[in-house]
Amino acid sequence: MDYGESGPRKGKAMDQLVIHENAALAIVEGVVAKIGSHVEAAEWTAKTRVDCEGKLVTPGLIDPHTHLVFGGSREHEMSLKQKGVPYLEILKQGGGILSTVKATRNASEEELYQKSTFHLTRMLAFGVTTVEAKSGYGLEKETELKQLRVANKLNDNHPVDLVSTFLGAHAVPEEYKNNPEKFLDVMESLLDEIKSENLAQFVDIFCETGVFSIEQSRHFLKKAKAKGFHVKIHADEIDPLGGAELAAELDAISAEHLVGTSEEGIKKLADAKVIACLLPGTCFYLGKSSYAKARKMIEEGVAVTLATDFNPGSCPTENLQLIMTFAAIQLKMTAKEIWNAVTVNAAHAIGLGDERGIIAPLKQADLVLWNATNYEYIPYHFGVNHVQTVIKKGEIVYEEGEQNGESTLSYTRS
């Protein structure tokens, strides 16, 4: 699959793919140099050849919304949720996001690095080659910076590329529960340091009932834009507060969740060319009956992308392939729309649309070879990993293998 046009795919273009059969491509210095037929490739000189006969080859998957770096785990909360214990009661018992905040504050930078490496390597195994990682489990200066530094270290050392987002305004901590504006002032005070150390490319905020209002979110994101950051927004996850409209007003690169977004909000996203980042895995894991209106968004001309929302509370999965299935079943997206959502549109949602998310000359050679013969098979056959080989910047970084009769996976970084 490759694409001949620039920009994210939207409207009818989301349901279009260019598919080459019996094709070959040449990679030079980490970028695609040439695309031709397998007959032409027989005449090419190459140091390494990879046989893809009978395999689907796609761009590397891109996960544009994760909370990768965090301490602890919250599996003990599942039994409480099954019993119908309200989230606020779980919070009172020391659980919920405050549990993760405590664990993240207590973890050393090295502990967070090792834990995040484990999760990131699992994402790589599922064919993900670029990931957005949000902070937001510190809710105070040192831990927020610690999370961002871990993400940057991972970007330096791990085959998967990371793009960082500062989400200090993820929740109101206990010490500021009666004065959220003061807390936002504290988070705003970090922006200069984050910018000077290049710790994040984006700034995000959780605009929702019980968290931050439209007015608070507007003020905070405007301050971030004034400092030179691009902005994102957790918008209308539960209630249609107008987060989508605010994203359009502020020319955000993306608006995320959008389960409760109004039809007017959808139209404004389309008009402002804000990318809708949908997270069906979160709705599934929380047992919700409502999902984002993907069909309406696509019909209105909104560019849609998909992400795992990987986090310890509301969507603990690194498997973007599973999210592709949820998009097919719950969001009623076609297979072609889904592939555009997890490649080219995802790249644009994190500011990398000019260099990845597509297979084309001069684009970064991030590729996945699949144990499948066609693109429809991956979202159709769910619950397993279909990846055979992952190529990052022209180098094989992950391969499925067999050892002593057991499936093994390992990554390398050149």
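User: With the side chain of which residue does the side chain of Thr-308 make a polar contact at 2.6 Å?

Analyst: The model is a predicted one. A polar contact requires a pair of N or O atoms within 3.5 Å. At 2.6 Å, the side chain of Thr-308 has such a contact with the side chain of Asp-63.

User: Which backbone nitrogen lies 3.0 Å from a polar atom of the side chain of Thr-308?

Analyst: Thr-308 is placed in the loop between strand S11 (304-306) and helix H14 (320-329). A polar atom of its side chain lies 3.0 Å from the backbone nitrogen of Phe-310.

User: Is Thr-308 buried or exposed?

Analyst: Residues that Thr-308 touches, beyond four places away in sequence, include His-65, Thr-282, Cys-315 and Ile-323. A residue counts as buried under 20% relative accessible area. Thr-308 has a relative accessible area of 0%, so the residue is buried.

User: How are helices H5 and H6 oriented at their crossing, and is the crossing left-handed or right-handed?

Analyst: The axes of H5 (residues 109-125) and H6 (residues 141-157) come within 10 Å and cross at roughly 50°. H5 is therefore oblique to H6. The handedness of this crossing is right-handed.

User: How do the residues of the contact of H5 with H6 divide into nonpolar, polar and charged?

Analyst: On H5 the contact residues include Leu-112, Tyr-113 and Ser-116, and on H6 they include Lys-146, Arg-149 and Val-150. The residues of this contact divide into 5 nonpolar, 3 polar and 5 charged.

Note on methods
Residues numbered from 1 in each chain as written. Predicted model: local features only at pLDDT ≥ 70, side-chain atom pairs only at ≥ 80, totals over all residues. Heavy atoms only, no water. Axes fitted to C-alpha atoms, helices over the stretch in contact; angles between N-to-C directions. Helix = DSSP H or I, 4+ residues; strand = E, 2+ residues; numbered from the N terminus. Parallel < 35°, antiparallel > 145°, perpendicular 65-115°, else oblique. Left-handed = near helix turned anticlockwise from the far one by under 90°. Contact = heavy atoms within 4.5 Å. Nonpolar A, V, L, I, M, F, W, Y, C, P; charged D, E, K, R; others polar. Buried < 20%, exposed > 50% of the residue type's maximum accessible area, 1.4 Å probe, protein only. Polar contact = N/O pair within 3.5 Å; in protein donor to acceptor, adjacent residues only side chain to side chain.
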